[in-house]
Amino acid sequence: MTQPTGTSRKTRAANRLFGRNSRQGNWWAALLIIVMTTILLIATTDDFATPRNASNLLAQAMPLIIVAIGQMIVIVLAGMDLSVGSVMSLTTAILALDGAPIVLIPLVFLAAAAIGLVNGIAIVRLNVHPIIATLSMQFIVLGIAQLLRPVAGGSVPDVVVNVVTGAFLGIPAPVFWAVAVVAIGWKIVHGSRFGLHLFAIGGGVASGQSDTAHNFGLKDRRNIVLAYILSALFAALAGFFIAGRIASGDPGVGSQFALDSITAVAIGGTQLSGGVGGLHGTILGAILMALLANGMNLANLSAFLQGAIKGVILLLVVALQSRKKMGL
Amino acid sequence: MTTQRMAAAALFAALLGSTALAQDVNLMAGVEPRPEGNSVVAAGAFKTEAPWTIAMSHFGVNANTWTVQTAHEAQGIANADARIENFIMLDANFDQAKQVADIEDLIAQNPDVLIVMPVTPTSADAGIQKAIDAGIPVVVHTGRTENQNFTVDIQGGAENFGRVMGDFLVDQLGGEGKIWVLRGLPSHPEDINRYNGLVQSLEGTSIEITQEDYGSWVYDLGKSLCETFYLNDPDVDGIWSSGADMTRACVDVLAEFGADIPPITGEGNNGFFGQWLEMGYPSIVAEYSPSQAAAGVRAAVALLEGEALHKHYIYEPEGWDAAKAAEYYRDDLSANVWWPTELPEETLQSLYGN
């Protein structure tokens, strides 16, 4: 990435320091707020820096981390997936059906793949805007989830609960989930040709030349469809994790996750205009959101105030990320 | 008398004594021990020296004016008791996953009692179990849980609520006619159970539900629904509304269209009372006091004081007529107050004074 001519050495140094030209986005602001919040919570609360709370925090952050990775994949393409929350709800509803785990678990991921496929086809073949396509899908999937399970309840297979809330060699299961999910996400986004193509396609859209990648011979349509399938699959995985946490099905459990995942991606430095972003920023964004919720709970902040404080901190993080756009 | 008989007699006397004591604890007017399938939490089982930390997971503080008031009612009772050093209330914002996380965070702070207002029948199950396993007593109210291992629960009978309203309509309509149904939130257990109460009332009658939809218990959506219903088919003999804000909205719509107000069900809300008493249409109040949240704190305090409590309490009051509503109505307070309330006068004026 080149610096504009005439830029002073100091400006160039500052741009490098703050990652203003980085393809990975400005993730340092999220990291800075995480460090500051952690120090503040350790200093002011008795219960934050305990093994039990660390385990709680990881388990609380995990669904958002998972769904945000999928969301980031489509946002890097200059897309957006508003159906992820409904996919999560549908996943819990399917898992709470009467049936053998060997049937229900594959069914969850097949359903998610089908949803992602329809999203992708609507976007690349029918030229429906990603927001409209996935918003429509959100309502369709929510309706199916409510048909399967009109009221929260039932029970999911024991194996689902055990792999989410259990422990292996004394290590809580969410630790293994974190390692596995980060490894898979890293391979897809930063360790594969597909990942490289995502940035190329999104970068073209961000610079106003959406057909650039196509003209260079990239199979942009196929990659976009694949990205939406991956987004839905990550959402299903997040729904699987939630189902293990609540041990039941709930048609409304994913309702907050569409916007929360977009927020996590944005505060992790990924540009909503496409072409710029990174897995580490997204994970930091999701951790920051979970940390704020956990920290405010432990700091005994008023339930009336927590939403407002969370909004102010998130605005602060995004404001710290003044970043030059691709190509500038 | 043998030693065994003496021991049995002493045990029997102790049980009788604890039952009597349990009955003496007054949690809230209208809250009674459940007559069937009940048990007693023994006196002293959770007795703890003050100061106390009481933790509360609220299902959603800011959903509507009623839920806001429940938070004030609980906080008010806690603030008034100097022995409660720390009252921690977390807002799940009607998010089941957040309630799971909230309860984890509350247990991490080692409270003396955990109070839970569940978002759904399952949202608090794992948390309740963790608390009980950690030796923390759990009080559940204003929503049922599938996990029955809690220490005490206080349940406002949603089916009773819907039935009080349904019986009123059956009576007013003479068992036949067309009614509209304004429901609350889709999939919400309270909505489903209230509706079940209505269905029970309508069994064996010739009353037909001609139009039905969800208004989320709020004024704006209730108004849109009734506008749609009226424009679709204005022929209606009665209206079953699951909440007072939707009732007010529907009455406003019918008044705007110049239509007669048919029998319509209401709730203990100051705004509804003002409208009802002024316009005089046929209605009834199904009582559902936000002070249930205060009763939850009172149950927590009773456990820490070492009082004996019943495991299950129910809250199934009868309907109110206009004369009773007139006793409660306050024109110096806003439409957002819900009756009956235990909020002190200065708090009422501070929060709701006109």
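Start with confidence. Select helix H1 (residues 3-24) of chain B: its mean pLDDT of 50 is the lowest in the chain. Then select strand E10 (residues 238-241) of chain B, where confidence is highest, at 98. This is a predicted model, so colour by pLDDT before going further.

Now zoom out to the whole of chain B. Its mean pLDDT is 90, and 93% of its residues reach 70 or more. For the complex, the predictor gives an ipTM of 0.76 and a pTM of 0.82.

**The sheet**

Show the strands of chain B in the order E1-E14-E7-E6-E5-E3-E4. These 7 strands form an open sheet with mixed pairing. Strand E1 (31-33) and strand E4 of chain B are the edges, each pairing on one side only. From one strand to the next, the twist averages 20 degrees.

Strand E3 (residues 52-58) of chain B runs parallel to E4(B), and the two pair over 7 bridges. For one bridge, pick Ala55(B): its partner in E4(B) is Ile88(B).

**Helix H2**

Next, select helix H2 (residues 65-79) of chain B. Is it enclosed or open? The helix is largely enclosed by the rest of the structure, because 13 of its 15 residues are buried. At 1.5 Å a residue, H2(B) should span 21 Å, and its end C-alpha atoms are 21 Å apart, which agrees.

**The interface**

Display both chains. 28 residues of chain B are in contact with 30 residues of chain A. On the chain B side, the elements giving two or more residues are strand E4 (84-91), helix H3 (96-107), helix H4 (125-133) and helix H6 (189-202). H3(B) has the largest share, 7 residues. By class, this side of chain B has 14 nonpolar, 7 polar and 7 charged residues.

**Last stop: Gly153(A)**

Select Gly153(A), in the loop between helix H6 (130-148) and helix H7 (158-165) of chain A. It counts as partly exposed, because it has 17 C-beta neighbours inside 10 Å. Leave aside its neighbours within four places in sequence. Gly153(A) then is in contact with Ser248(A) and Gly249(A) in chain A, and with Pro121(B), Thr122(B) and Glu146(B) in chain B. Finish with a distance: the C-alpha atoms of Gly153(A) and Ile246(A) are separated by 9.3 Å, though the residues are 93 apart along the chain.

Note on methods: Residues are numbered from 1 along each chain as its sequence is written. Chains are lettered from A and ligands numbered from 1 in the order in which they are written. This is a predicted model: local features need pLDDT of at least 70, side-chain atom pairs count only at pLDDT 80 or more; totals for chains, interfaces and linings use all residues. Two residues are in contact if their C-beta atoms, placed from the backbone, lie within 7 Å. Helices (H or I, at least four residues) and strands (E, at least two) are DSSP runs, numbered from the N terminus. Ala, Val, Leu, Ile, Met, Phe, Trp, Tyr, Cys and Pro count as nonpolar, Asp, Glu, Lys and Arg as charged, and the others, Gly among them, as polar. The expected span of a helix is 1.5 Å times one less than its number of residues. A residue is buried if 20 or more other C-beta atoms lie within 10 Å of its own, exposed if 12 or fewer, and partly exposed in between; C-beta atoms are placed from the backbone. Two strands pair if DSSP finds at least two bridges between them. Axes are lines fitted to C-alpha atoms, for helices over the stretch in contact, and angles run from 0 to 180 degrees between N-to-C directions. pLDDT is the predictor's confidence in each residue, from 0 to 100.
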